[in-house]
Structure formats: structure tokens, C-alpha cells
Amino acid sequence: MTVLTKEARRLKRRRRVRAKVSGSPVRPRISVFRSNKGLSAQLIDDVSGRTLAAVNWFEPDLRDLDKPERTKRAGALLAERAKAAGISEAVFDRGGYRYHGHVRDFAEAAREAGLTL
């Protein structure tokens with residue numbers, strides 16, 4: 001019997017999600033990564049393997065905000081960058097993380113900014 005670590009369980013969930021979710025040039029994938037210090041996300045076209053837009057908590061615009069506000073502003077910022085790249089729809093890849101807290105707030109902020117998920 002094998003005992004899986006927390007990270008191994010997350011990677012197992014991540015692979016399961018990635019088997020079903022794929023980005024295209026018209027509808028790219030929003031890939032979310034959470035660390036102990038912050039959150040980052042990318043809009044990825046899986047067909048060509050290109051990152052179309054990205055946002056990170058440690059950008060100068062977001063650095064001085066408190067954490068909940070930083071998450072919401074990051075979601076809105078990614079939506080703005082997506083619109084500038086001509087993208088209005090995307091699929092959401094939560095990266096194996098549970099859909100609550102910062103991950104949920106990020107997705108809701110991107111939706112409120114006009115990105116269809």
C-alpha cells in the first residue's frame with residue numbers, strides 16, 4: 001500500500017483535469033499555479049504550445065495590495081490582457097487545486113472583467 005503525499009495527490013488531480021481540458025487558439029486554457037507565496041496564471045494555446053498572456057502576483061501593479069484584493073485584480077488583469085490579444089473565451093484549468101479561496105476568486109474576477117469561462 002502506497003501513501004501519497006499532498007503534492008502527489010494534487011498532481012494526480014492535475015493530470016486527470018488535463019486529460020479533459022485543452023486550449024485552442026480560439027479558446028485557450030487558463031492554467032493556474034498556486035504557491036505558498038502567491039498565484040500565477042497563463043493563457044495557453046495547447047495546439048501551438050504558446051503562452052498568449054500571463055499574470056503574476058509579484059508584478060509591480062499588484063505587489064502593494066492585500067492578498068484577497070491582489071487575487072481579484074490579477075483575474076481582472078488577465079482578462080484585460082486576453083481582450084487585448086483578441087480572446088473573449090477560455091477554459092479554466094484549476095491545476096489540481098480545489099475550486100475555493102484564491103482560485104475561485106481569480107476565476108470570478110476574470111468572469112466579471114468580461115472573459116467567458
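This briefing describes salt bridges, surface charge and selected residues in a predicted model. Local features require pLDDT of at least 70 and side-chain atom pairs pLDDT 80 or more, while totals for chains, interfaces and linings use all residues. Residues are numbered from 1 along each chain as its sequence is written, and side-chain values use heavy atoms, with hydrogens and water left out.

**Salt bridges**

- The model contains 8 salt bridges, a salt bridge being a side-chain nitrogen of Lys or Arg within 4 Å of a carboxyl oxygen of Asp or Glu.
- Side chains of opposite charge can pair when their charged atoms come close.
- Arginine 29 and aspartate 46 form a salt bridge with an N to O distance of 2.9 Å. Arginine 29 belongs to strand 1 and aspartate 46 to the loop between strand 2 and strand 3, so this pair ties together parts that are 17 residues apart in sequence.
- Arginine 29 is buried at 7% relative accessibility, whereas aspartate 46 is partly exposed at 24%. Here buried means under 20% relative accessible area, exposed over 50%, and partly exposed in between (1.4 Å probe, protein chains only).
- A network of salt bridges links Arg18, Arg29, Asp46 and Asp93.
- Within helix 1, glutamate 7 and arginine 10 are 3 residues apart, about one helical turn, and their side chains form a salt bridge at 3.1 Å, N to O. Glutamate 7 is partly exposed at 42%, while arginine 10 is buried at 10%.
- In helix 3, glutamate 108 and arginine 104 are 4 residues apart, again about one helical turn, and the closest N and O atoms of their salt bridge are 3.9 Å apart. Glutamate 108 is partly exposed at 33%, as is arginine 104 at 34%.

- Lys6, Arg9, Arg34 and Arg98 form a patch of positive charge on the surface. Patches are made of residues with over 30% relative accessible area and no salt bridge, like charges being joined within 9 Å and nonpolar side chains (Val, Leu, Ile, Met, Phe, Trp, Tyr) within 5 Å.
- Lysine 6 lies in helix 1, residues 6–20, and is exposed at 68% relative accessibility. Helices (H or I, at least four residues) and strands (E, at least two) are DSSP runs, numbered from the N terminus.
- Leucine 4 is in the segment before helix 1 and is partly exposed at 37%.
- Not counting residues up to four places away in sequence, leucine 4 touches Arg9 and Lys12, where contact means heavy atoms within 4.5 Å.

**Helix 3 and its cover**

- Helix 3 spans residues 102–112, and its buried residues include Val103, Asp105, Phe106, Ala107, Ala109 and Ala110.
- The cover over these buried residues includes strand 1 (29–34), strand 2 (39–45), strand 3, helix 2 and strand 4 (91–93).
- Valine 103 is buried at 0% relative accessibility. Leaving aside neighbours within four places in sequence, valine 103 contacts Val32, Arg34, Phe92, Arg94, Tyr97 and Arg98.

**Glutamate 59**

- Glutamate 59 is in the loop between strand 3 (50–56) and helix 2 (67–84), and is buried with a relative accessible area of 16%.
- Apart from neighbours within four places in sequence, glutamate 59 contacts Ala54, Leu77 and Arg81.

Definitions and conventions:
Accessible areas come from the Shrake-Rupley method with a 1.4 Å probe; for residues, only the protein chains shown count as cover. Lys and Arg count as positive and Asp and Glu as negative; His and the chain ends are not counted. The place of a charge is taken as NZ of Lys, CZ of Arg, CG of Asp or CD of Glu.
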